[in-house]
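Me: Here is a model to look at. Please take me through the contact between its chains.

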Amino acid sequence: MAKRIDVSDLNIYYGNFLAVEGVNVSIEPRSITALIGPSGCGKSTFLRSLNRMHEVIPGARVEGKVVMDGQDLYGADADPVDVRRQIGMVFQRPNPFPTMSIYDNVAAGVRLNSRKMKKADLDDLVERSLKGANLWNEVKDRLDRPGSSLSGGQQQRLCIARAIAVEPDVLLMDEPCSALDPISTLAIEDLMTELKERFTIVIVTHNMQQAARVSEQTGFFNLNGVGQPGRLIEFNPTEKIFSNPDQKATEDYISGRFG
Amino acid sequence: MSLQTSPTSTGASADDATAGRSRRRLPQWASVAAFLAAALVAVLLELLGEFNIALVVIYTVVLGTVAAYVVSRVVEGRRKATDRLVTCLVVSAFGIAVVPLVALVWTVVGRGIERLDGEFFGSSLVGIVGEGGGAYHAIMGTLIITLLTTLISVPIGLMTAIYLVEYGRGRLKRSITFLVDVMTGIPSIVAGLFAYALFALFFGPGIRLGIMGAVALSVLMIPVVVRSAEEVLKLVPNELREAAYALGVPKWRTIVKVVIPTAIAGLGTGVTLAIARVVGETAPLLITVGITNGTNLDPFDSRMASLPVYAYYQLTQPGVPPEYAIDRAWTAALLLIMLVMGLNVVARLISRFFAPKTGR
Ligand SMILES: Nc1ncnc2c1ncn2[C@@H]1O[C@H](COP(=O)(O)OP(=O)(O)OP(=O)(O)O)[C@@H](O)[C@H]1O
Ligand SMILES: [Mg+2]
């Protein structure tokens, strides 16, 4: 079930370094939200703070509030492991588990958490997830081959299958297509459009056309200079951002007149 | 020596490009030919006087190197000549390094093979004065003590490494790393004295137990396991850990089910090499386990025999006549070398078969 996320006054730190400052935003359920901006402005950092992956890095911490359907993700009683079960993530570089087969990779969310599940149910889940990630037809005859035996684009779709197999409410994707060819990129964009029926999707991308093609809402991050914190400059419906943005900086960035 | 003219000029080096020399190349085997010629000269020289194999080798190496350099300098130019000179030096250095190893294996095999028979594996030294007898008790002792050492060291070493890589922060991590470094350098006799002193506290002086030997060897083995496991665990990409966290897998489960399986080949190799490192230790066992003539398979009860200590006593206290005991010592030494080589082979097999399969 898709959920909405409300972020208020979020400051994100690496040790003493303030990487992202003062983010206020509402992410709508059952839609795709794209985050764009120049390199190093804190898009990945912000994305990782949404499912508490940020604090995995030594010294990293977060101030402010992230609320998902009324549940405070950084509240005293929130368990980061639990949060991550509800908010899945796909990384920039495909990272299937090298010791596991294709099947086991998709079943990893269940297996690694030692959830008991009947073999038939698990088979069913794996098939559904692989179909959901548009990979089933390509791998159904070799489910026991290692996950790393697939091509880069297939591996990335395998990672998406792995992420949706735990049935999260929200799916975060950090430049999921940056290592892929145009055909695989198209496959994953189609996939995102299908997935948004069931999930809330947030995607970071450097590809303006991609943001324009797939997303409903777009957020533009920017930073004033090296060592300065990144900020969310503008957050608006995608059409507005790409046709008539409120901020001068957004327009400059989108039209390529930048830096 | 034949000259070869290569059709194309390399023209790469300024000093080659100047003269017509740049086209002329000696064949690949020119250096070898120079050495053979040098060897011939050396043998002839020696035949004139007293024949001495060591001198022949030294003459060959020196003359061969000089000849190869001079010929190449005249024909090929300076750059190629330097290349040949350095190649000769490197190969000679390698030869010097290998000589002791080959000589050692040669001697040990030559002298040890004689008693490598069924009796050596099947019987102990009970009631043996001269001929016959074996090392069954010492072989079993070494196996038992090494097994116990492994059982103690691997869990402690692995968990320390996991702590250092996955959890450790700040000062505690730094001091543990420092202590492990210090432990790596502990002389083995000190490890033995430590175990002896520890057990003497509880059981009184003069105590000798198999388990004491295992404790002493663990002091030597733990830092080796920690070091190798740490290196291997660091090699596991962070992305895999993050992939598991992003699925809502707790940290400890990520370590047990993702990090360790990914690193298992390296961990197995490291442990095997660590075993090979301690299996031949003599000094600590000498003072903690002692020696017996009979078979004792209980590491918690009195003295045991072990291969290194067995070899030591057969050599230093051979009895009369001494030849038989000395033969047994050589065979024990041969067995130890075979054990260490076997462990190294096992380590290679482990890293071959357990490495993550890419399937490409
Ligand atoms: N592990 C880290 N430790 C310390 N600082 C970090 C770390 N990761 C990122 N930063 C810093 O945080 C800031 C934001 O980085 P981030 O990775 O979020 O940028 P990004 O917008 O995702 O850039 P890109 O488009 O290149 O991926 C940068 O100044 C970066 O140097
Ligand atoms: Mg990034």
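Reply: A salt bridge is a side-chain nitrogen of Lys or Arg within 4 Å of a carboxyl oxygen of Asp or Glu. This is a predicted model: local features need pLDDT of at least 70, side-chain atom pairs need 80 or more, and totals for chains, interfaces and linings use all residues. Residues count from 1 along each chain, chains are lettered from A in written order, and side-chain values use heavy atoms, without hydrogens and water.

Me: Which residue of chain B meets R48(A) in a salt bridge?
Reply: The count between chain A and chain B is two salt bridges. In one of them R48(A) pairs at 2.8 Å, N to O. Its partner is E242(B).

Me: How much area do chain A and chain B bury between them?
Reply: Interface size is often given as the accessible area lost when the parts come together. Buried area here uses a 1.4 Å probe and is summed over both parts. Carbon and sulfur atoms hold 59% of it. The total is about 2,200 Å².

Me: How many residues does chain B bring to the contact?
Reply: Contact means heavy atoms within 4.5 Å. Chain A brings 33 residues. For chain B, the number is 22.

Me: Which element gives the most to the side of chain A that touches chain B?
Reply: Elements are DSSP runs, with helices (H or I) of at least four residues and strands (E) of at least two, numbered from the N terminus. Those supplying at least two residues each include α2 (80-86) and β6 (87-90) of chain A. The top contributor gives four residues: α3(A).

Definitions and conventions
Buried area = accessible area lost by both parts, 1.4 Å probe.
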